[in-house]
Amino acid sequence: MVKVYVNGVEVEVPPGVPIIEAVEKAGYRVPVLCYLNDFFSEATCRLCVVLVNGRVVPACKFPVSDGAKIVTESRELDTYRRMNFQLLLSTHRIKCWSCLRKTSCSLLDLSKQLNLGEFPVCSECPLTGDDCLVAKGEPCLGPLTAAGCSAECTRNGVPCLGCRGYIEDPELWRDSMRDLYEKHGVDGEKLEAAAKFFWSFLPGELKKIISEVSRDK
Amino acid sequence: MLTQTSLNRILYGSRGFRIRVPISSCTLAAGAGEVYRKVIKVVEEHGVDAEVYRVGCTGLCFMDPWIELAREGLPPAIYGNVKTEQIEHIIKNYSEGDLSEATAVRFKTGSGGPPALEEVDFWRYQVRYVSRNCGLVDPESIYDYIETGGYLGLKKALYMKQEEVIEVIKTSGLRGRGGAGFPTWLKWKIAYEQKNDVKYVICNGDEGDPGAFMNRLLAESDPHRVLEGLIIAGYAVGATRGIIFVRAEKPLMADRLEKAVEDARKLGFLGKNILSSNFNFDVEVYRSAGAFVCGEETALIAAIEGRSRPRQRPPYPATHGLWGRPTVINNVETLAHVATIFQTGVEEFVKHGTEKSRGTKMFCVTGAVKRTGVYEVPIGTKIKTLVFDLAGGSIEGRKVKAVQIGGPSGGCIPAELMDLEMDYESLQSYGAIMGSGGLVVIDDSNCMVDVAKFFTSFTLAESCGKCLPCRVGMRHLSDLLERLTSGEASLEDIEVAQELGESIARSSLCALGGTAPNPILSTLRYFKDEYVEHVVNRRCPAKVCAKLVKYSVDPALCRGCTQCARVCQVGAISGSPGEVHRINYDICIKCGQCLIACPFGAIKKV
């Protein structure tokens with residue numbers, strides 16, 4: 001057994017185990033994404049970085065050494081984790097409304113843990129498939145609105161009005177228009193009317209996209 | 001050691017007259033093949049009693065192709081930039097004792113005539129320690145190598161115990177010449193202490209940096225020295241097999257190493273019971289399709305195993321390497337140093353260098369200098385000496401602006417810091433790395449943002465894609481630089497570049513990702529004003545970034561010759577003969593053809 005210090009807490013672990021086990025034993029948590037206990041530990045996502053004796057290393061792969069001083073939280077580490085998470089999100093096309101994994105999504109969990117990244121209300125909305133308000137022809141603004149409200153309105157059958165603000169991601173706007181509103185034939189005028197509620201807060205481009213849908217119908 | 005008799009035999013050959021023609025990838029590209037054939041023809045036609053002798057390259061690329069004529073009684077004379085039609089003339093004159101046209105002579109007899117090598121700038125500051133045989137002996141002849149004292153080091157090492165061999169390298173203080181500068185003896189010791197019946201030693205000859213070719217030069221000009229070092233390393237760690245990892249893009253290097261291995265096997269320097277000791281060792285040359293990431297040792301091992309990506313260390317290769325066995329990986333130059341240390345003794349080696357890093361290092365100086373080439377200088381030599389004294393400084397009318405040290409993963413050192421003494425630590429503290437030793441000299445006709453963009457696009461393409469920061473982060477950095485060079489970026493973007501670059505450098509998996517943002521970070525550190533200029537005034541100070549420059553006609557100089565209008569591919573220039581021409585900016589694609597074509601210098605970049 002080797003002794004290591006996780007944020008000053010002394011723990012004993014078998015030699016050679018990855019740092020993450022010592023961290024968990026000490027009662028701390030580090031965000032992990034690509035690490036799957038015993039199945040995959042190639043240290044590719046670099047979200048679990050910790051400081052070991054001042055060196056930045058991935059907790060999921062780096063083995064413990066005797067007397068190692070491990071730091072799991074610091075401003076520096078936070079920057080790297082946020083940066084890497086944002087890099088990951090930049091390659092992820094958000095389509096929560098049609099995603100099968102939205103109830104068990106590691107990205108969503110991590111974004112909450114790191115307090116980063118915006119997902120649409122759909123990620124919290126329990127209505128899927130034919131139950132989706134948009135599929136029923138309702139002008140629900142959920143796909144364009146930032147989550148965090150537990151989708152209280154849509155849960156109770158009330159279309160989202162976008163009170164939490166829009167998501168700043170033009171790709172997502174266009175995707176939702178094509179995948180949802182146009183596909184299900186939502187009445188453009190109704191949609192515009194719903195968006196008018198917080199109209200002055202919407203960016204020009206989004207206004208234009210909504211107006212176009214309205215005009216086409 | 002090389003005795004006078006051996007040196008004479010090497011210099012003049014058995015017939016007393018040797019004509020050296022360098023045959024290596026670089027000289028062949030400069031036309032040495034033609035020169036070689038022509039020399040043979042001239043010698044045959046005129047009945048000159050001379051031996052045409054093939055050698056490797058000396059590293060003086062600026063005077064390729066060169067030939068050296070050496071006849072007993074005359075000082076061996078080197079002729080640079082030879083053309084085939086001059087050869088007849090040169091051989092005739094030399095035979096008659098007229099050396100006036102030679103660039104330099106190897107040593108001087110009497111006064112007057114061309115300067116000796118010790119007197120010319122491109123040789124004077126050099127210490128030819130590991131490259132001593134380059135350009136002197138036939139790389140494909142094992143006997144010539146033995147004549148210069150070759151395989152004597154191996155013999156000495158085999159008389160020692162393994163610990164003693166490691167101790168010799170420890171006292172020499174040799175550090176890895178591949179870039180990181182890890183003490184060689186420590187690597188060996190860790191591998192030596194592992195209990196395992198199979199161990200490997202690998203010679204890393206991947207060398208992927210643009211602008212660095214000292215490993216290729218060394219292995220092409222003196223392959224046996226590298227091989228000898230590898231055998232000594234194998235003996236020290238108790239390995240049974242050695243692998244020389246060479247890029248398939250360097251066929252001559254691989255061929256010569258293969259020939260060296262074959263010859264050494266024939267003479268009993270490889271195989272069972274080497275030199276009557278009970279040490280068994282064999283070497284294989286492994287050709288791999290090159291990838292820059294293979295310079296990283298875990299990726300190199302993976303490449304031999306059939307995959308191509310680095311992995312997180314530890315476990316280090318010294319304990320858990322190729323096929324899970326203890327493996328020592330040394331650079332070509334490191335191994336050549338090992339062989340030379342054993343041949344000439346530690347004292348000779350420690351004479352040069354600094355307290356922390358002993359010995360010499362080969363540097364490739366390329367870019368905007370007068371004399372590009374490979375120069376071997378003691379570690380701790382000033383950048384200034386290398387760039388201005390050895391390489392002759394910038395081309396006429398230009399000013400050296402910065403030096404990119406360590407290839408695409410190194411950093412730019414500005415001209416103000418030219419007094420810096422180059423060793424592993426000092427370069428690191430200024431944001432560059434020693435790397436394999438490539439120096440790209442950048443003059444004031446270059447835009448630093450554009451330079452950073454070039455190196456970033458290289459590392460982006462060479463990123464293996466395993467870890468997130470390098471794969472995605474470098475893409476974002478590259479996009480950001482693209483925006484900067486088109487004048488579409490904001491000041492915030494510069495800060496983002498800084499933060500993102502630091503994050504990639506610190507949190508990436510391997511050394512490639514760890515050093516990939518160096519060009520951006522170092523240019524941001526020393527040339528931030530150029531970045532700001534691109535954003536605030538949307539102007540490229542060096543007038544390089546195509547989207548930020550405009551071509552215009554100076555009415556005072558334009559004579560209306562219509563040259564520019566004729567070369568313009570898109571028809572953006574209008575004007576009739578005798579009239580001042582005009583450029584239509586809506587159509588102009590900024591190709592710069594008109595600038596080259598104008599005989600009066602009337603077209604200006606603004």
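The model is predicted, so local features need pLDDT of at least 70 and side-chain atom pairs count only at pLDDT 80 or more, while totals for chains, interfaces and linings use all residues. Residues are numbered from 1 along each chain as its sequence is written, chains are lettered from A and ligands numbered from 1 in written order, and side-chain values use heavy atoms, without hydrogens and water.

The largest nonpolar core holds 79 residues. Such a core is a set of buried Ala, Val, Leu, Ile, Met, Phe, Trp, Tyr and Cys residues joined through side-chain atoms within 4.5 Å. Buried means under 20% relative accessible area, exposed over 50%, and partly exposed in between (1.4 Å probe, protein chains only). A:Ile210, B:Leu484 and B:Tyr531 have the most contacts inside this core. Its largest share, 8 residues, comes from helix H19 (residues 468-485) of chain B. Helices are DSSP runs of H or I with at least four residues, numbered from the N terminus. Beyond neighbours within four places in sequence, A:Ile210 contacts A:Leu144, A:Met177, A:Leu191, A:Glu192, A:Ala195, A:Trp199 and A:Leu202. Contact means heavy atoms within 4.5 Å. A second, separate core has 65 residues, including B:Tyr129, B:Phe213, B:Leu270 and B:Val374. In soluble globular proteins, nonpolar side chains tend to be buried together.

In chain B, the axes of helices H10 (residues 214-221) and H14 (residues 332-344) come within 9 Å and cross at roughly 45 degrees. H10(B) is therefore oblique to H14(B). Axes are lines fitted to C-alpha atoms, for helices over the stretch in contact, with angles from 0 to 180 degrees between N-to-C directions. Angles under 35 degrees count as roughly parallel, over 145 as roughly antiparallel, 65 to 115 as roughly perpendicular, and the rest as oblique. B:Met214, B:Asn215 and B:Leu218 of H10(B) meet B:Val332, B:Glu333 and B:Ala336 of H14(B).

The criterion is a pair of cysteine sulfur atoms within 2.5 Å. The sulfur of B:Cys447 lies 3.6 Å from its closest cysteine sulfur, in B:Cys540, too far for a bond. B:Cys447 is buried at 1% relative accessible area. For B:Cys294, the closest cysteine sulfur is in B:Cys464, 9.7 Å away, also too far for a bond. B:Cys294 is buried at 3%.

B:Ser503 sits in helix H20 (residues 491-507) of chain B. This serine is buried, at 1% relative accessibility. Not counting residues up to four places away in sequence, B:Ser503 touches A:Tyr80, A:Met83 and A:Asn84.

How values were computed
Helices (H or I, at least four residues) and strands (E, at least two) are DSSP runs, numbered from the N terminus.
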